[in-house]
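Let's take a friendly walk through the spaces inside a protein and see what surrounds them. Have a look at the structure below, then read on.

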Amino acid sequence: MLASTVRTALRTSAPRVAALPSTRNLSTSLPRLSSPAAAAKEYQNILVSSPAKGVTLITLNRPKALNALNSALFHELNEATEIADNDPEVGAIVLTGSEKAFAAGADIKEMKDKQYADAYKTNFLGHWTKLTTVRKPIVAAVSGFALGGGCELAMMCDIILASPTANFGQPEINLGVIPGAGGTQRLTKAVGKSTAMEMVLTGRNFSADDAERRGLISRVVREGSVVDEAVKVASTIAKKGQIAVQAAKEGVNASFELSLQEGTRFERRLFQSLFATKDQKEGMAAFAEKRKANFTHE
Ligand SMILES: CCC/C=C/C(=O)SCCNC(=O)CCNC(=O)[C@H](O)C(C)(C)COP(=O)([O-])OP(=O)([O-])OC[C@H]1O[C@@H](n2cnc3c(N)ncnc32)[C@H](O)[C@@H]1OP(=O)([O-])[O-]
């Protein structure tokens, strides 16, 4: 319910223009503000910056490999999101890639010689799930290929915006395997059994428009504007009270795990608990006094 309300609220009639994809980094034209903690660090496979107050922008940066997701990249991504999550100055995170590829999947070359015993003993890919424990909202800005692990990575985010060039798919079946980071689970919950089965069993890709129509993403935005639009969404979120935002994210995510009765009870408890916060007092007082709320995240 809340997820569909969010989707409806975000829907626009932005014009859609096709363009040639490139590996150009999608974050290069954005301004840099004085950086929160995560943006102060240098990484090998990602770029971290702060394009707007309260927003951390993480850009996957393996252009030659179409942002194929290797272990090193994922460890850096986990570290950067953890820093942003723990930074009181950050209210929301944007995750993006290049024009040509959000991410073309898990790194096939890195995993092709793996043996079962090793994969099992080391809990191969276990560290991918850390992203789903981030408390602050993550907005994915997807352009170009979001395939396999790339599609799964986007689905681990909370809101997905896409460029008209975006292409979503789970082609693992062509490699003799299946999705391993939520492609059979989150995809099915997002688009339903039939579409999920078609994607997972045939490896067929879906366009941005198709993905929007089927509820995989929040909306398609104008070509070239996907990071700007995602930063705008993140910026809007960053201006809200962080406790309410965190509770809202927890509530929506709980709907994937709980029955309707348990879910609504959990939601009501979260709602009631917010009356213990200063932000609730401030938000409601500001409404009554016809002024803008000044949330202090307490
Ligand atoms: C996590 C749980 C389970 C998940 C499993 C998966 O995600 S399985 C994966 C599911 N994903 C797939 O099966 C998609 C695999 N990728 C493709 O099918 C194509 O690259 C394409 C259609 C995305 C773009 O075609 P295009 O002709 O425009 O470009 P191009 O092909 O020339 O690529 C440029 C360079 O990038 C390289 N590279 C690309 N992807 C990967 C990768 N995943 N890995 C490693 N490298 C990758 C490619 O080798 C090449 O490097 P080279 O040779 O220059 O050193």
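In this predicted model, the ligand takes up the space of the second largest pocket. Two or more residues of the shell around the ligand come from each of the elements α3 (108-111), β6 (145-147) and α5 (149-156). Of these, α3 gives the largest share, with three residues.

Which residues come nearest to the ligand? Of the 24 residues around it, they are K100, A104, A106, K109 and G149. By class, the shell has 14 nonpolar, four polar and six charged residues.

| Residue | Part of the residue | Distance to a ligand oxygen atom |
|---|---|---|
| K100 | polar side-chain atom | 2.6 Å |
| K109 | polar side-chain atom | 2.8 Å |
| G149 | polar backbone atom | 2.8 Å |

On its own, the ligand has 1,000 Å² of accessible area, and the protein covers 64% of that.

Now for the cavities. How many of 30 Å³ or more does the structure hold? There are three. The largest cavity has about 60 Å³ of space, and its lining includes L69, A106, D107, E110 and W128. Six nonpolar, three polar and two charged residues make up that lining.

How values were computed. Residues numbered from 1 in each chain as written. Predicted model: local features only at pLDDT ≥ 70, side-chain atom pairs only at ≥ 80, totals over all residues. Heavy atoms only, no water. Near = heavy atom within 4 Å. Polar contact = N/O pair within 3.5 Å; in protein donor to acceptor, adjacent residues only side chain to side chain. Areas by Shrake-Rupley, 256 points an atom, 1.4 Å probe, with all protein chains shown as cover. 1 Å grid on protein atoms, 1.4 Å probe; cavity = no way out; pocket = protein on both sides within 12 Å on 5 of 7 lines; lining within 4 Å. Sits in = over half its atoms within 2 Å of the grid points. Helix = DSSP H or I, 4+ residues; strand = E, 2+ residues; numbered from the N terminus. Nonpolar A, V, L, I, M, F, W, Y, C, P; charged D, E, K, R; others polar. Points joined across faces, edges and corners; volume = space filled by probe spheres on them.
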